[in-house]
Amino acid sequence: MNILSLFPAVPLVMMLGLWLSKSTRQIHTVMVAGSSLLVALAVVLVVQYLGLRGAGETAQMLFTESRVWYAPLNIHYAVGVDGISVAMLLLSAVIVFTGTFASWQMKTDVKAYFLWFCLLSVGVFGFFISVDLFTMFLFYEVALIPMYLLIGVWGSGRKEYAAMKLTLMLMGGSALLLIGILGIYFGAGATTMNIQEIAALNNIPVAQQRIWFPLVFVGFGVLGALFPFHTWSPDGHASAPTAVSMLHAGVLMKLGGYGCFRVAMYLLPEAAHELSWVFIILTTISVVYGAFSACVQTDLKYINAYSSVSHCGLVLFAVLMMNTTAGTGAVLQMLSHGLMTALFFALIGMIYGRTHTRDIRQLGGLMKVMPFLAVGYVIAGLANLGLPGLSGFVAEMTIFNGAFMNADTFHRVVTVIACTSIVITVVYILRVVGKILYGTCDNPEHLKLSDATWDERLSVVCLVVAIAGMGLAPLWVSDMIRGSVAEIIAHILS
């Protein structure tokens, strides 16, 4: 079996193991074994990929495999990866692994929860390895559907409302996406759904591209929190269980940016050139609006959710700049945001599990009470605001550097506007850190609280190490990504 097919296969086998499990201990064993195997597979894939590139392999996609699914519509189970896909698979494996330990204390219907969690993972991994449009769309839907139940059943607060709002908006985006994919298929001559082959044909009429590009970009952009289609995101994040928030913000939202780059811009390059200015304006609004909105929130999850709108807006902003540096920054931002927002949501869940509140007005002095969790929160905050030495700095500086390479006035003005988000981010991060971690603890009940347990510490440490590792040694990641980004950009510009 192709190593890529193991990524969606492992969560499927985990689902079988969960179904047969008779106790919580067996469920935990299955999840730890399966998620550890996914991390090991991701590491092996990175090593093999870098080895092949180092040996001179120049094919755009490696580890390719294609089997016919439905011949009349030329639908194939076609898989392959480039540097971008490999990076996303590694990120997804880390988030699933840490999310498993963040869910360790789950008490309600544990088996069903992890079954849906694994099904979501199947969709995520399948999406990143797909090079067939229909297969990619199929896995995309598989990743979205479990979110309704994971939030609606195991969530908190207005969970039914949040789950329904999320589902309706993302399904609406999926409808646009399906229309766009069919338009690409028939516009290319209805001979293949393989992304590489459609790009090689490069024969979709410009008049059609003007129709399909907005549909595909918005279809994926809804999941990437593109303004004004972002409103599902804060409610969904706020109501989701901890590990679901981690997977949702850490990985699922990356499907949006990845799809916009890999499908919308790569397959419809002429329309991307003509219409990019519209979406650049919308993404600039996302970046600044998300940061300002985070400043006025009092709920920890809402603060992080609006922060995610801002940071995911940067991903779409960067891919629309259409140069290799900004595109590399976009992928680095997907990795960085995935890690730091997963850490944020994990810590917020752990704090909420002890204090039973996410309202920053009711929290204070937690550094003395739970120092491990507090230090983890500080590190996540510093990564979020772009402190040198952590992942956020590498990603954001690459994006803004690439964006400013466009010498025209329009691109430089929107870049300067987007850069203001850095300052705004500093404001809300330091405000929250100062309010909840320092000062006096006014609630005597909070003084009795315990610090992190072993499972929580393992989850936090893994994410902190990844964030620091990416910040201190980013070159191996950026070098792996850059070649693949350059090929896509070259095709768009040609």
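Visitor: How many salt bridges does a search of the whole structure find?
Guide: The search finds 7 salt bridges. Keep in mind that this is a predicted model.

Visitor: Take arginine 210. Which side chain does it meet in a salt bridge?
Guide: Its partner is glutamate 274, with an N to O distance of 2.6 Å.

Visitor: Is arginine 210 exposed, partly exposed or buried? And what does glutamate 274 count as?
Guide: Arginine 210 has a relative accessible area of 41%, so it is partly exposed. Glutamate 274 has 35% relative accessibility and counts as partly exposed too.

Visitor: What does aspartate 299 form a salt bridge with?
Guide: With arginine 358; the closest N and O atoms are 3.0 Å apart. Aspartate 299 sits in the loop between α12 and α13, and arginine 358 in the loop between α14 (324-355) and α15 (366-369), so this pair ties together parts 59 residues apart in sequence.

Visitor: Buried or exposed, for aspartate 299? And for arginine 358?
Guide: Aspartate 299 counts as buried, at 18% relative accessibility. Arginine 358 counts as buried as well, at 12%. The cut-off for buried is under 20% relative accessible area.

Visitor: What else is arginine 358 in contact with, leaving aside its neighbours within four places in sequence?
Guide: Besides Asp299, the contacts of arginine 358 are Ser156, Ala238, Thr298, Leu300, Lys301, Ile348 and Tyr352.

Visitor: And aspartate 359, which side chain does it meet in a salt bridge?
Guide: That of arginine 361, at 2.8 Å from N to O. Here arginine 361 is exposed, with a relative accessible area of 58%, whereas aspartate 359 counts as buried at 14%.

Visitor: Back to α12. At what angle does it pack with α13?
Guide: About 155°, with the axes 7 Å apart. Helix α12 covers residues 269-295 and helix α13 covers residues 300-319.

Visitor: Roughly parallel or roughly antiparallel, then?
Guide: Roughly antiparallel. Angles over 145 degrees count as that, and the angle here is about 155°.

Visitor: Is the crossing of α12 and α13 left-handed or right-handed?
Guide: The crossing of these two helices is left-handed.

Visitor: Which residues make the contact?
Guide: From α12, Ile280, Thr283, Thr284, Ser286, Val287, Tyr289, Gly290, Ala291, Ser293 and Ala294 take part. From α13, the residues are Ile303, Tyr306, Ser307, Val309, Ser310, Gly313, Leu314, Leu316 and Phe317.

Visitor: How many of the residues in the contact of α12 with α13 are nonpolar, polar and charged?
Guide: They divide into 11 nonpolar and 8 polar, with no charged residues.

Visitor: New topic: phenylalanine 125. Where is it found?
Guide: Phenylalanine 125 is in helix α4 (residues 110-129). Its relative accessible area is 0%, so it is buried.

Visitor: What is phenylalanine 125 in contact with, leaving aside its neighbours within four places in sequence?
Guide: The contacts of phenylalanine 125 are Phe7, Pro8, Pro11, Leu38, Leu89, Ser92, Ala93 and Val96.

Visitor: How far apart are phenylalanine 125 and asparagine 443 in space?
Guide: The two are 44 Å apart, C-alpha to C-alpha, and 318 residues apart in sequence.

Definitions and conventions. Residues numbered from 1 in each chain as written. Predicted model: local features only at pLDDT ≥ 70, side-chain atom pairs only at ≥ 80, totals over all residues. Heavy atoms only, no water. Axes fitted to C-alpha atoms, helices over the stretch in contact; angles between N-to-C directions. Helix = DSSP H or I, 4+ residues; strand = E, 2+ residues; numbered from the N terminus. Parallel < 35°, antiparallel > 145°, perpendicular 65-115°, else oblique. Left-handed = near helix turned anticlockwise from the far one by under 90°. Contact = heavy atoms within 4.5 Å. Nonpolar A, V, L, I, M, F, W, Y, C, P; charged D, E, K, R; others polar. Salt bridge = Lys/Arg side-chain N within 4 Å of Asp/Glu carboxyl O. Buried < 20%, exposed > 50% of the residue type's maximum accessible area, 1.4 Å probe, protein only.
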